[in-house]
Amino acid sequence: METLRLKIVTPEGEIFNDDVKSVTFPGEEGEFGVLPKHANLLSLLKPGVIEIEKKDSQKESIAINWGHVKVSEDGTTVLVDSAVPLVGESESDIAKAIKEAKELVQKASENKAALASVEARIEKAAKLI
Amino acid sequence: MANLKDIKRKIASVKNTQKTTRAMKLVSTAKLRRAELLAKKSKAFAETLNETLSEISYTIQQYKIGGIEGRFFEEVEFPAVVDIIFVTSDKGLCGGFNHQTIKTVKNLMDKYRSKKVKVRLKAIGKKGIEYFQFNKVDLEDKIVGLSSSPDYKKAAEFIKKSVDDFLNGGTDKVILVHNGYKSMIAQEIKINNILPIDINGLKMKETKSMLEMEPEDSEKVLDSLIQKYIEYNMYFSLIDSLAAEHSARMQAMDSATNNASEMVRKLTISYNKARQESITTELIEIISGMEAMK
């Protein structure tokens with residue numbers, strides 16, 4: 001199984017660095033997915049959810065408020081301002097993560113319709129955990 | 001005899017102070033380590049950002065007629081207004097750490113004032129604010145608490161006003177001054193001209209193949225990246241300054257502890273001398289008393 005290297009960095013440090021199967025980004029001009037051997041690309045990201053399919057086919061979601069992604073031969077690098085990974089050990093942890101993620105997106109975006117769709121996504125992602 | 005007691009009290013007091021300074025040194029060492037770690041972690045972001053920025057500017061320079069242009073790069077030959085943002089600590093007892101920054105800011109201010117340029121000061125940190133307010137120098141903007149606990153969002157907010165002013169012509173140049181971390185025992189003043197961005201300072205990195213951009217307007221992508229670049233620079237100077245502050249305090253407290261030991265040593269000698277003296281006097285008194293009895 002071919003994989004691609006995904007790296008997500010925030011000003012506070014790296015939050016994700018691993019080989020993954022595929023990843024979906026909330027691009028400025030629409031959502032797009034990246035698979036191994038994707039063409040070189042540089043895109044701005046808008047508030048939303050990054051969906052990652054890990055090596056073991058496990059899904060992971062990370063909510064972001066802004067960012068940009070660079071896809072190149074050596075891997076995919078994402079720069080974000082702040083991010084909230086939607087993971088947790090227990091129910092209350094997950095609930096907390098969802099709340100934080102929603103707040104993060106709410107602060108970054110004023111578009112109500114976009115906001116609603118992002119929130120729906122966050123909920124959906126949370127259910128998969 | 002009162003003299004003896006006085007010296008004893010002094011020794012006790014110096015020893016007490018020494019305890020405090022030693023504890024502060026230990027605390028600073030621990031905090032320095034944490035600040036260093038923070039700076040190290042955040043380097044990953046800086047590297048990626050710089051790399052992307054250089055790649056994108058290379059792409060634009062290569063494929064766009066006229067090269068890069070935009071407000072962020074416009075150098076004004078004779079600036080009318082200059083913003084100086086400087087970072088000082090919130091707490092004292094760190095040697096000449098803040099004073100160095102303040103001195104540099106004052107020199108810069110004098111330099112621009114002599115050229116009839118309006119200087120606007122924006123202060124971060126209590127010590128710098130107190131100094132300029134005491135000397136009746138107007139501050140355009142000030143914030144306390146940011147330098148002791150750096151926060152990316154607050155830093156971005158703080159610098160945004162300057163960036164906005166720069167974009168609509170309110171200011172022509174933005175300079176960032178802070179006392180940065182060099183090593184465990186040394187700090188150095190860093191003066192960073194963050195706006196306008198020196199286009200030659202951006203290292204162009206050749207990309208192996210054409211980068212596809214989304215949105216297609218590559219300048220929009222660049223603008224957005226540059227804004228992050230500026231915000232990040234602000235944030236980085238905060239964490240750099242914090243690390244430097246702790247290293248300065250560590251040093252200051254170390255020398256204070258040493259000075260205290262030296263003082264205790266000297267006081268002990270004079271205490272012993274005084275004790276000997278009093279014993280000698282007593283002996284003389286007794287002997288002369290005995291002599292008189294004969």
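The legends below describe views of a predicted model with chains A and B.

**View 1. Overall fold of chain A.** Chain A holds nine strands and two helices. Along the sequence the order is β-β-β-β-β-β-β-β-β-α-α. The C-alpha atoms of chain A occupy a box of roughly 35 × 30 × 25 Å along the principal axes. A compact globule with 129 residues would have a radius of gyration near 14 Å, and the 14 Å of chain A therefore agrees with that of such a globule.

**View 2. Interior of chain A.** Of the 129 residues in chain A, 37% are buried. When contacts in chain A are limited to residues at least 6 apart in sequence, 49% of them join residues at least 24 apart.

**View 3. Contact between chains A and B.** On the chain B side, 21 residues are in contact with 20 residues of chain A. Helix H1 (2-63), strand S6 (212-214) and helix H5 (218-293) of chain B are the elements that each give two or more residues to this side. H1(B) gives the most, with eight residues. Sorted by class, the side of chain B that touches chain A comprises twelve nonpolar, five polar and four charged residues.

**View 4. Strand pairing across the two chains.** Strand S4 of chain A, residues 41-45, pairs with S6(B). The pairing is in the parallel sense and runs over three bridges. Within this pair of strands, A:Leu41 stands opposite B:Glu212 of S6(B). S6(B) is also one of the elements that give two or more residues to the side of chain B touching chain A.

Notes
Residues numbered from 1 in each chain as written. Chains lettered and ligands numbered in written order. Predicted model: local features only at pLDDT ≥ 70, side-chain atom pairs only at ≥ 80, totals over all residues. Contact = placed C-beta atoms within 7 Å. Helix = DSSP H or I, 4+ residues; strand = E, 2+ residues; numbered from the N terminus. Nonpolar A, V, L, I, M, F, W, Y, C, P; charged D, E, K, R; others polar. Pairing = 2+ DSSP bridges. Rg over C-alpha atoms; globule rule 2.2 N^0.38 Å. Buried ≥ 20, exposed ≤ 12 C-beta atoms within 10 Å, placed from the backbone.
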